[in-house]
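This report goes through a two-chain model, starting with the interface. How much area do chain B and chain A bury between them?

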Amino acid sequence: MDDLLAEFIAETREMLEASGGEIVAWEANPDDRARLDTIFRFVHTVKGNCGFFDFPRLAALSHAAEDALADCRAGRRDPDHALVSAVLAIIDRIAAMVDAIEAGEEYPEGGDEALIAALDVTRETLLEDELEEGKQGSNPPRNAQNGPSFRQDDDQTRARRADGNAAGQRTIRLPVELLDRVMSGVSDMVLARNDLAHRLRQAGNQPTIDGPFERLTAILSDVRDAITRMRMQRIETLFGVLPRLVRDLSAELGKQVMVDLDGGDVELDREMIETIRDPLTHLIRNAIDHGIEAPSARHAAGKREIGLLAIAARQSGNTIAILISDDGRGLDEEKIAAKALATGLITPAERAGMSRDKLLNLIFEPGFSTADAVSAVSGRGVGLDVVRQNLEKVGGSIKVTSAPGEGTQFALQIPLTLSIIAGLTVEVAGQRFAIPQGYVEEIVQASAAALDFTRMGEAALVTFRGNRIPCLMLADVLGLEACDLSARDLTLVLLRLASGDLFALVVERINSHGDLVVKPLAPAVMKPGLYAGSTLLDDGQPVLLLDVTNIAAMHDLVSDGRARMLQPAEEEAAVAAAPRAMLFTDFAGRRCAVRLELVQRIETASAGAVDRSAPRARMVIDGAILPLAGLPDGPVTGEKLRLLRLGDGASELLHAVREIEDAVELTEALVPVPEDPLVEAMTLVEGRPVALLDAHELFARYGEPPLSSPGARPRCVLPDSEWARSILAPLVTSAGYEVVSEAGDDPDVVTILSQDVFEVAEALGRMPAGPVIRLSDHPQNSGQDGAIYRYDRERLLAALAAARHPRVAGGKRT
Amino acid sequence: MSELLVIIQIAGRRCALSAHDVKSVIEIGVVTPVPRTPDFIAGITALRSQTLTVIDCRRAIGLDAAQAPTDERAVVIAQGGHSYALLVDAIEDITTANGEPGQVPGGFGPDWSRIATGMIETASGPALLIDLPALIAGPDTVRGEIEAAA
């Protein structure tokens, strides 16, 4: 707001200055139409601008002057000297008020009415006596009628203006080109200084020169700092136009949208602001066009009719995060999936294993656009892929999150500045190249043997910290003469791409690192796709900046679909620890989940394929008759039936679902539900309860049991607890065991013990004769000393399978 | 209006550039080669804090590489927001044009026709007026071959 105000003041001042000459000319010749128009425009603009601010007095003054001048323009009134004087008095008063506003003071009350009265707006035709009166006061123009009081005002004004200038921060407006010239001038100066420093070093110590030179260096670095700050601009300049854009768009689309801007004081490189202008506009268009629903639809959905579009900027370190969130309908996952499948971006198998988050971010893939109909507003043939491309070009990124029915949020990450980046200079074949520091994960120098450097066909791999990392020779990439690699230690630069992919670049030498001022390259030089720009080193030599992302892409080192971008390596490790489940809604409308490991795939079949002749429903899929669970009691509505195909390794069954939601991680606590045998546990997913189906109970009930006589089944003793009886027992049974109460001394009976009971038994030396499986109550203990977390289905099953064949397993006490 | 022209020599031919396009003439310093670019791009060089793309004009026309030494000076031009330094045989003179560029019967030959606007009469004799964007674009066919070879 303060910036807007400053802008208003600056603009008004500028107009006052520009129209100063016009005012004088108009005073000399009130009939001059052109002058009249200029002054009319001025008061009109002031009046318009006042509307944005709460300045009733300014508004009243400019409005009165505008009315009077409009009469003159329309020929209803002759601009006599009295009028001219009155208008000029008002203009002076406006200038005085603007000064007061800038100084943050209240302009003294009163006097406005007199000024307005002097205009005599109500009179369209002048009466004789008033004409007389006007003429009397008109000769010394500024002393008409209320002359003395005007004088007084003027004096006050001058005093005030002088004060204001001394107190407030003065700003001037400059053309951008001038700024650019100053900046490149300073860059040149720095280079000249570096050159001079080089020569001075060669010439040896010269105290008479060294002192002043040091001073020059210090001054120069100060100036450089100041210049860098000059480049920075508040993001407000970008935000300023958004309310209008939103207003126009929502009017055009018949929607009601309120925009909430936050963080306008974040400063950003001027060029960077230009770079993100289009992507930001595009995202806003999208949000209003596709995101926010029509008022009636919003009303029906129980939302406020006015949609909210929030745009917030935050600085964190040397990146800026911009969030654009709407409270609209959210992204339609199914639609995106269907589109992605149709365009061949993903395969059905990939789709099944894809989390909602990953799937949603497919909208940034080239050639993707969810809108069925191209609308005038957002369907411009420029998709979100271009938005992402543009952001990536400047080293930024974008991702999307969305909750159905609740809204969509786009998160943009952009570097603070475009043209000065931290970089690393490397050397290969006697030529230097720069690499943006942001990509550099690590620099490694070791012998080829230590890195396990191997050539696999044309490709090369190194092993570092236990990971095999693809490796590129920079010399090969650039087609330069490489020196013999085996002869000496390898110098590797490990580069981490925005997508999370890691690769190594073999160089010959690391030279230096520091701030690089990046300059654009000519199109012909950019064409090979290897370079992102050029920069000048301290010695004045130009160096090419490598386009790391593109080089990686050219060598197919970027993972498919870029899905990994959203899932950094650390997260992937976490995924292995937390159980994953497929979330769905069953025909009773209940939110359920089933462990993802059990889901073979998602099937869609016609409802007519269900065979209900037997007591249990069955369905033929891929030529196999499979049991079908989860059907509603009544007939199935709709033609298509969505099915989860579950498998326990030996047998398969189908579970009918109403809607498949997502694959999620079960990070919240699993609360056992003994009262429902079909439910293993309840847990929370995104704050809402989800029933985790007991797949083993499912298989026990619906699965075709293995054809074996009860006598041949191995026996198992369970701990004496409610949990073991209701939850563990079905699992153990479904694994082919017969639950018995006493093990005795039979070495073939498997005993399942909780970890603490086991410890006691071990201490007392009263270990069961047969194999023992230990259970832990806490997932974090799982795997320690062979204990298994009691909901770690796979390990439990594996342990049961191993114990089933004691001779094969060698009586292993797991 | 007689236009000011800078007369240069490329492969022994007299050529003319509009003086309006020529920013300056510089002593060419160290040129950093740019790997994997067409050979008519000699590299990049620094002019104060600016980066110039150095164009070898003979190769850009599609002629054989240097038989004659090039001038140590280069013509700096700006095209499409980028600055280029043109390596030429020699920079001769600044002169004025007499009349408009025209064609000659039989043409200039395919290589030259591609980069020439036409023949122009100058105060110091006729010269070939260079079409700068075409010159900087380089010989397409040659570039294609290089890329295929690479």
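## The interface

Chain B and chain A bury about 1,900 Å² between them, and 61% of that lies on carbon and sulfur atoms. Buried area here is the accessible area (1.4 Å probe) that two parts lose on being put together, summed over both. The size of an interface is often given in this way, as the accessible area lost when the parts come together. In residues, 20 from chain B are in contact with 29 from chain A. Contact means heavy atoms within 4.5 Å.

Zero salt bridges are counted between chain B and chain A. That rule asks for a side-chain nitrogen of Lys or Arg within 4 Å of a carboxyl oxygen of Asp or Glu. Polar contacts do occur: seven residue pairs across the interface, both partners at pLDDT 80 or more. A polar contact is a pair of N or O atoms within 3.5 Å; within protein, one must be able to donate a hydrogen and the other to accept it, and residues adjacent in sequence count only if both atoms are side-chain atoms.

## The chain B side

Four elements of chain B each supply at least two residues of the side that touches chain A: β4 (41–47), β5 (50–56), β7 (82–87) and α4 (140–149). β4(B) gives the most, with four residues. Helices (H or I, at least four residues) and strands (E, at least two) are DSSP runs, numbered from the N terminus.

By class, this side of chain B has eight nonpolar, eight polar and four charged residues. Ala, Val, Leu, Ile, Met, Phe, Trp, Tyr, Cys and Pro count as nonpolar, Asp, Glu, Lys and Arg as charged, and the others, Gly among them, as polar.

## How the model was read

This is a predicted model: local features need pLDDT of at least 70, side-chain atom pairs count only at pLDDT 80 or more, and totals for chains, interfaces and linings use all residues. Residues are numbered from 1 along each chain as its sequence is written, chains are lettered from A and ligands numbered from 1 in the order in which they are written, and side-chain values use heavy atoms, with hydrogens and water left out.

## The two chains

Chain B has four helices and ten strands. From the N terminus on, its elements run β-β-β-β-β-α-β-β-β-α-β-β-α-α. Of its 150 residues, 46% count as buried. Buried means under 20% relative accessible area, exposed over 50%, partly exposed in between (1.4 Å probe, protein chains only).

Chain A has 26 helices and 35 strands. Buried residues make up 45% of its 814 residues. Among chain A contacts between residues at least 6 apart in sequence, 63% join residues at least 24 apart. The corresponding share in chain B is 56%.

## Nonpolar cores

The largest nonpolar core has 61 residues, and A:Y531, B:I10 and B:L86 have the most contacts inside it. Such a core is a set of buried Ala, Val, Leu, Ile, Met, Phe, Trp, Tyr and Cys residues joined through side-chain atoms within 4.5 Å. Beyond four places in sequence, B:I10 touches B:C15, B:C57, B:R58, B:I61, B:V88, B:D89, B:W112 and B:I130. Another core, of 46 residues, lies apart from the largest one; A:I273, A:M354, A:F364 and A:F410 are among its members.

## Two residues of chain A

A:R356 sits in helix α16 (residues 356–360) of chain A. A:R356 is buried, at 11% relative accessible area. Its side chain makes a polar contact with the side chain of A:E333 (3.1 Å).

A:A28 is in helix α1 (residues 2–28) of chain A. A:A28 counts as exposed, at 65% relative accessibility.
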